[in-house]
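Dear colleague,

I am handing over the structure below, and after it you will find my notes on what was found. Please read them with the structure open beside you.

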Amino acid sequence: LAIRECRLGPNSPTVAATLSNLSVQLSLPGDDQQVDEAERFLKRGLQIRLNSYGDGHPEVAHSLNLLANLTYYQKGDHTAAESLYQRALAIRERYYLRHSDRVAQTLHNLASL
């Protein structure tokens with residue numbers, strides 16, 4: 001992460017992808033401090049993607065979906081997770097075909113709540 005931030009700048013979409021990847025590893029059950037750090041990484045990555053791509057881009061939807069997963073599975077906040085999944089779904093339905101795997105993934109996540 002530090003190397004990418006140094007080489008590409010702290011607001012690079014590649015840094016956002018790295019933050020997302022690290023958050024998945026950190027959000028494994030068992031360590032609340034790591035889950036909190038994963039959430040910070042996801043929120044930072046989401047903000048980078050929003051600033052880089054705007055709020056209708058599929059990479060933003062990906063960040064929202066990951067943040068919703070963490071919010072639901074690790075933090076147990078169903079209401080916040082539902083809101084994040086709904087935002088991701090709206091973007092994915094606009095960007096992809098209605099029957100795409102990305103839309104289906106988000107619908108599955110919503111149904112799991």
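A term is needed before the helix pairs can be described: a crossing is called left-handed if the near helix is turned anticlockwise from the far one by less than a right angle, and right-handed if it is turned clockwise. Please also keep in mind throughout that this is a predicted model.

To begin with the chain as a whole, it has 6 helices and 0 strands, so that the order of elements from the N terminus reads α-α-α-α-α-α. The radius of gyration is 14 Å, close to the 13 Å that the globule rule gives for 113 residues, so the chain is as compact as a globular protein of that length. Taken along the principal axes, the box filled by the C-alpha atoms is roughly 40 × 35 × 20 Å. Of the 113 residues, 38% count as buried, and among the contacts with a separation of 6 or more, 52% come from residues 24 or more positions apart.

Helix α4 (residues 58-74) packs against helix α6 (residues 101-112) at an angle of about 20 degrees, with the axes 11 Å apart. Angles under 35 degrees count as roughly parallel, and α4 and α6 are therefore roughly parallel to each other. Their crossing is left-handed in the sense given above. On the α4 side the contact is made by His 62, Asn 65, Asn 69, Tyr 72 and Tyr 73, which meet Arg 102, Gln 105, Thr 106, Asn 109 and Ser 112 of α6. Sorted by class, this contact has 2 nonpolar, 7 polar and 1 charged residues.

For α4 and α5, the axes come within 8 Å and cross at roughly 160 degrees; since angles over 145 degrees count as roughly antiparallel, α4 and α5 are therefore roughly antiparallel to each other. This crossing, too, is left-handed. The residues of α4 that take part include Pro 58, Val 60, Ala 61, Leu 64 and Leu 67, while those of α5 include Ala 80, Ala 81, Leu 84, Ala 88 and Ile 91. By class, the contact of α4 with α5 has 15 nonpolar, 5 polar and 2 charged residues.

Helix α5 (residues 78-95) also packs with α6, where the axes come within 9 Å and cross at roughly 160 degrees, which makes α5 roughly antiparallel to α6. The crossing of α5 and α6 is left-handed. From α5, Glu 82, Tyr 85, Gln 86, Ala 88, Leu 89, Arg 92 and Glu 93 meet a set of α6 residues that includes Val 103, Leu 107 and Leu 110. This contact has 6 nonpolar, 4 polar and 4 charged residues by class.

Leaving aside residues up to four places away in sequence, Glu 39 touches Leu 67, Leu 70 and Lys 75.

Conventions:
Residues numbered from 1 in each chain as written. Predicted model: local features only at pLDDT ≥ 70, side-chain atom pairs only at ≥ 80, totals over all residues. Heavy atoms only, no water. Axes fitted to C-alpha atoms, helices over the stretch in contact; angles between N-to-C directions. Helix = DSSP H or I, 4+ residues; strand = E, 2+ residues; numbered from the N terminus. Parallel < 35°, antiparallel > 145°, perpendicular 65-115°, else oblique. Contact = heavy atoms within 4.5 Å. Nonpolar A, V, L, I, M, F, W, Y, C, P; charged D, E, K, R; others polar. Rg over C-alpha atoms; globule rule 2.2 N^0.38 Å. Buried < 20%, exposed > 50% of the residue type's maximum accessible area, 1.4 Å probe, protein only.
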